[in-house]
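Open the model in your viewer and follow the stops below. Each one says what to select and what is there.

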Amino acid sequence: MSLAGDTYKSDRGGFGETVKIIVQALVLALIVRTFLFQPFNIPSGSMKDTLLVGDYLFVSKYAYGYSRYSLPFAPDIFSGRIWSSPPERGDVAVFKLPRDPSVDYIKRVIGLPGDKIQMIDGVLQINGKPVPKEKIDDYTTTDEFGAEVRVSRYKETLPNGVSYTVLDLDPHSFSDNTQVFEVPPDHYFMMGDNRDNSTDSRVLGAVGYVPFENFVGRAGLIFFSVKEGEPAWQFWRWPWTVRFDRIFKLI
């Protein structure tokens, strides 16, 4: 009788300990996701070739402080940001789309509050001065039929010294010449690196100026990457579908 009773207590204790460990792990994961790092994946090519479709990355939640959009389901419990630190020009950041906060966008910070931004003949202008743009090697990719496609690629250097590459699919696209955009206080002007294939702050009715409150975090590290169109969960195909050269790449 006592032996059976001891076994019963041990079984119950083991089950309870397992549940406790699972709950602790879930709480820890929620804390990390809410306050430290949140994973995102890239579904579109608007940030090529900095970010590719199929990249999985960690976003630093604490980089800009916290707003209600830092919390799961974005509860309307406070406004503004706490422990805030403003984005820097050139940061790649995730933000909530102003007209639909349920949608996450990722773009590069180009304009700060008070800046005047314009595109003239494909050259970015900040406060009336052209941003240096240097032609480098073409970006090579393939189309849906497997044919090689070459896209003009340039190196841009912002006034604070941050450099990155941008793609120019069409030297005469409608987005190569724009009006002057004057960034309102506490807002930012965001642009994709794939300049002719990015819906960003240049389209006021779709994205427009992004309030600081809508920032989720700064992109930091690519932790996994699969080729475009390949499901990440098919681990048996990883030797052929994983882009190993992009793993642990800093953004």
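Start with an aromatic cluster: select Tyr-56, Phe-58, Phe-223, Phe-224, Trp-233, Phe-235, Trp-236 and Trp-238, which form one cluster. This is a predicted model, where local features need pLDDT of at least 70, side-chain atom pairs count only at pLDDT 80 or more, and totals for chains, interfaces and linings use all residues. Numbering runs from 1 along each chain as its sequence is written, and side-chain values use heavy atoms, with hydrogens and water left out.

The whole structure holds 16 aromatic pairs. Rings of Phe, Tyr and Trp (its six-membered ring) pair if their centres lie within 6.5 Å; planes under 30 degrees apart are stacked, over 60 edge-to-face, the rest tilted. Now keep Phe-235 and Trp-238. Their ring centres are 6.5 Å apart and their planes at 80°, so this pair is edge-to-face. Are they buried or exposed? Phe-235 is exposed, at 54% relative accessibility. Trp-238 is partly exposed, at 31%. (Buried is under 20% relative accessible area, exposed over 50%, partly exposed in between, with a 1.4 Å probe and protein chains only.)

Next, select Tyr-154 with Lys-133 and Lys-135. Lys-133 lies over the face of Tyr-154, 4.4 Å from the ring centre. The charged end of Lys-135 also sits over the ring of Tyr-154, 5.8 Å from its centre. The test is NZ of Lys or CZ of Arg within 6 Å of the ring centre and within 35 degrees of the ring normal.

Move to Lys-96, in strand S3 (residues 92-97). Strands (E, at least two residues) are DSSP runs, numbered from the N terminus. Lys-96 is buried, at 14% relative accessibility. What does its side chain meet? The side chain of Asp-104, in a polar contact of 2.9 Å. (A polar contact is a pair of N or O atoms within 3.5 Å; within protein, one must be able to donate a hydrogen and the other to accept it, and residues adjacent in sequence count only if both atoms are side-chain atoms.)

Finish inside. Select Ile-110, Ile-117, Leu-124, Ile-126 and Leu-158: they have the most contacts inside the largest nonpolar core, which has 14 residues. Such a core is a set of buried Ala, Val, Leu, Ile, Met, Phe, Trp, Tyr and Cys residues joined through side-chain atoms within 4.5 Å. Strands S5 (116-120), S6 (123-126), S11 (163-168) and S13 (187-191) each give two or more residues to this core. A second, separate core of 13 residues includes Tyr-64, Val-109, Ala-206 and Val-210.

How values were computed. Helices (H or I, at least four residues) and strands (E, at least two) are DSSP runs, numbered from the N terminus.
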